[in-house]
Amino acid sequence: MTQQQLQHLYWRAGFGMHPKSNTIISKQRTSVVEVLFESSKAFTPLHIDLSYLDGIKPVDLKSFPELAREINQKGTKKILEFNIAWVKRLVNPSELLRERMTLFWANHFVCRERNPLYAERYNNTLRYFALGDFRDFVKAISKEAAMLKYLNGKQNRKAKPNENFARELMELFTLGEGQYSEKDIKECARAFTGYSHDFEGDFVYKENRHDNNSKLFFNSIGNYDGDDIIDIILKNKQCAAFISDKIYRHFVNPKPNKKHIAAMADVFFKDYNIENLMRFVFLSDWFYDDDNIGSKIKSPIEYLVGMANTVPVVFEKEKDLIKIQKLLGQTLLNPPNVAGWKGDKAWIDANTIMIRLKLPSVILNNSVIDSGQNDQFKKKFMQKYKGKLPFKTLPNWTAFLENFETVATGDLQDYILQGTINKGTADYLKTLSKMSKREYCVQLMSLPEYQMC
Amino acid sequence: MDRRKFLKNSALASSLFFVPDFVKAFEAVASERLGYKRLVIVQLAGGNDGLNTIIPHNNDLYYNARPKLAITKDIIKLNDDLGFHPSLSPLRGLFDNGELSIINNVGYPNPVRSHFRSMDIWQTASSSDEYLQSGWLGRYLDQYGKQPYNAIEIDEKLSLAMKGDHFNGIATNDFRVLYNSAKDPYFKSVLSHYNDTHLSEHNLGYLYQTMIEAKSSANYIFENTDVKTSQETYPQNAFAKQLKNVAQFINSGLDTKVFYTSLGGFDTHANQNNKQTKLLSEYAGSVSAFVSDLKRNDTFKDTLILTFSEFGRRVKQNAANGTDHGTANNVFVIGKNLKKAGFYNNLASLSDLDANGDIKYTTDFRSIYATILSKWMGVSADGIIPNKQEQLNFI
């Protein structure tokens with residue numbers, strides 16, 4: 001594999017790489033890809049300290065409204081804490097590909113949960129199944145407390161079915177819009193009646209709320225429950241095609257290629273094994289086509305985590321990590337709606353592009369982007385006014401210099417940027433002094449090209 | 001050449017000589033005015049329950065369908081049949097003054113009950129079986145816009161409604177931040193070298209284009225917005241802040257034809273009453289302050305406010321004291337000199353519902369758009385609203 005192909009793989013299966021990344025032992029495509037899967041075999045759940053909930057029972061919350069309020073407020077803080085823990089996990093993952101897939105699934109099985117216990121469980125379910133069996137994955141999601149709350153599954157009862165989950169299950173999670181009738185949704189909702197959860201977040205099936213009559217779903221009749229419905233949905237190859245299309249647009253190229261997606265769907269339909277599907281993608285020749293390299297606009301999280309991979313940085317106030325996510329338009333655990341973030345061009349508008357261009361200099365270089373004009377004065381000035389910057393950070397440029405030791409400053413653009421550089425910009429880069437690897441790195445990170453991966 | 005002279009010349013060079021033609025063209029048309037009528041959109045995201053907003057207080061079908069959810073107390077009765085939810089009391093004055101027109105049963109054929117799809121339909125003005133990549137206001141900008149700031153969304157990101165096929169509005173939560181980022185000299189150098197050959201269709205071309213537009217719009221908004229604070233007291237919430245920003249832009253005379261604001265959280269599948277009471281009160285309080293602010297500055301007469309939601313909710317309540325996704329809903333139009341204020345039409349029958357138990361639409365939302373375009377904005381709806389639409393008489 002060429003350096004560029006290796007970087008391409010690591011931008012899609014992870015969050016970029018630097019020349020000293022020590023996970024890479026071979027340059028054979030099969031062994032490089034195998035390393036990715038091997039090192040993600042393990043499952044390390046993400047936990048924060050939720051001991052404040054120990055010993056609390058539902059009846060306590062009912063009897064002591066003040067305690068309930070306190071628990072609620074604490075919960076809001078804990079969600080932020082979990083967000084930060086997640087971002088830190090992405091920067092320093094124990095299982096890189098698993099984390100990358102978890103992030104992807106979080107924007108597929110979209111859910112917003114304000115109870116930190118349920119939110120943590122849900123997040124770890126995404127992580128556990130991230131490379132596993134899609135069938136078990138969908139069934140597990142349908143029984144998660146967070147999802148039962150978010151799409152009103154626990155309010156779905158025999159006497160009064162609630163269609164919210166049934167609709168999104170088919171529209172967003174498995175088949176795509178227009179692949180079912182309104183009648184199918186009603187019947188599907190009936191099959192999921194009786195699903196609920198207890199205070200701890202464990203799934204509870206309430207027999208007396210379940211509709212035990214037969215349902216007519218996708219032209220077959222039976223006394224189906226939720227798992228049966230999911231099995232019937234997965235019999236339709238459209239499900240494999242729908243997921244393949246989404247994975248292609250996320251991991252390969254936002255512009256879909258019908259032939260490649262059909263090939264993926266063939267692989268996925270065999271056993272609905274996510275790991276096999278991803279291996280097929282990363283081993284395909286087409287994955288490394290020039291058209292695919294640098295074709296994707298980084299999501300705010302890809303952008304932020306990728307930057308921290310190049311120049312390690314510590315935020316003095318960890319809450320600033322949340323502020324930045326908000327500014328860039330993607331706060332983890334807080335999706336805009338059940339369809340999730342639209343991605344690609346939708347990340348960028350006049351507001352976010354300016355923030356993205358400016359942010360690397362703000363968090364890594366006291367807001368200075370060397371422009372070759374009178375910068376000594378500006379640098380001194382900004383050094384003095386460091387405290388006035390919106391974020392207080394400790395960038396580790398020493399680590400950067402060590403990691404990029406083998407790279408000549410003049411070649412840095414090949415490592416920091418993915419894909420084509422605009423001709424005029426490339427000419428301008430040639431005119432820059434490149435006296436300092438650090439300044440040149442910030443200059444490269446402050447370009448529209450840096451938004452691509 | 002000494003250093004000072006060199007700097008001066010290079011600065012001059014980069015601002016005049018090296019600036020590509022399209023950037024110059026961009027700056028040049030800045031002052032051309034588009035006319036002074038302005039449109040403010042308020043989007044109630046999540047599907048507001050119209051039946052508990054404008055309440056059929058004399059209709060047994062309503063009370064029977066909602067044994068626990070029907071509003072029974074403090075309804076602000078507006079006529080024998082319909083009344084405001086108690087939270088809408090701040091809008092009573094507008095209603096009485098003939099500055100509010102309520103259009104009932106607004107929707108479209110073969111309604112979709114998915115938030116995203118239905119919101120896309122409302123924002124793109126498409127049919128339910130048609131997928132459009134551009135928004136109706138975006139297509140208005142395609143034809144009549146000159147600058148991204150001709151349409152401003154007060155948000156961190158731009159809605160599909162504001163994205164045209166060739167031209168986008170601008171989204172900003174804080175125009176000062178935008179301005180400060182845009183003025184960095186490094187960006188100026190990068191843009192002065194940019195050439196757009198072969199890139200316009202590519203994602204990278206889109207990034208550069210957006211960067212150029214951001215820079216010129218940030219300058220314009222910053223330089224032309226009057227910073228003196230409003231004398232009006234707004235409620236303390238995020239939606240009120242959006243409208244306060246809009247009032248500041250309008251009262252500063254910015255060359256902006258369209259403003260887009262949004263209030264979310266209306267997806268009330270469970271325990272609807274508390275939530276909707278709070279949201280409607282945020283909505284009504286903020287809009288009322290906004291209108292007074294405009295009146296104080298004599299800009300209300302040139303402003304039209306359109307409030308919509310992607311769908312209404314099912315007539316029957318569900319078991320969780322909430323409502324599921326429905327179809328037709330009411331739309332509010334607020335402005336001076338409305339042709340037909342009050343109730344534009346009657347509420348559709350609550351006995352003649354569709355197969356899902358939802359209200360049947362009587363007015364196509366696209367005819368409201370078409371009417372606003374021709375009678376308020378003074379342009380033809382051709383090429384903006386896909387199919388020929390009936391003209392309504394509310395303005």
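In chain A of this predicted model, the centres of domain 1 and domain 3, taken over C-alpha atoms, are separated by 27 Å. Nine residues of domain 1 of chain A and 13 residues of domain 3 of chain A make up the contact between these two domains. On the side of domain 1 of chain A that touches domain 3 of chain A, four residues are nonpolar, four are polar and one is charged. The domain assignment places domain 1 of chain A in two segments, 3-39 and 237-288. Domain 2 of chain A covers 133-235, and domain 3 of chain A covers 300-451.

The next step is chain A as a whole. Its secondary structure consists of 22 helices and six strands. The C-alpha trace of chain A spans about 80 × 60 × 40 Å along its principal axes. Buried residues account for 47% of the 453 residues of chain A, where a residue counts as buried if 20 or more other C-beta atoms lie within 10 Å of its own. As for the contacts in chain A between residues at least 6 apart in sequence, 72% of them join residues at least 24 apart.

Chain A also has a partner. In the contact between the chains, 46 residues of chain A meet 43 residues of chain B. On the chain B side, the elements that give two or more residues are helix H5 (115-124), strand E7 (170-171), helix H7 (175-182), helix H8 (185-193) and helix H9 (203-224). H9(B) gives the most to this side, with ten residues. By residue class, the side of chain B that touches chain A holds 23 nonpolar, 14 polar and six charged residues.

Chain B also contains an open sheet of three strands, in the order E2-E4-E3 and with antiparallel pairing. Strand E2 (54-56) and strand E3 (76-77) of chain B are at the edges; each has a single partner strand, so one side of each is left without a neighbour in the sheet. E2(B) and strand E4 (residues 82-84) of chain B run antiparallel and are joined by three bridges. Across this pair, B:Ile55 stands opposite B:Gly83 in E4(B).

Note on methods: Residues numbered from 1 in each chain as written. Chains lettered and ligands numbered in written order. Predicted model: local features only at pLDDT ≥ 70, side-chain atom pairs only at ≥ 80, totals over all residues. Contact = placed C-beta atoms within 7 Å. Helix = DSSP H or I, 4+ residues; strand = E, 2+ residues; numbered from the N terminus. Nonpolar A, V, L, I, M, F, W, Y, C, P; charged D, E, K, R; others polar. Pairing = 2+ DSSP bridges. Domains from an automatic or database assignment. Buried ≥ 20, exposed ≤ 12 C-beta atoms within 10 Å, placed from the backbone.
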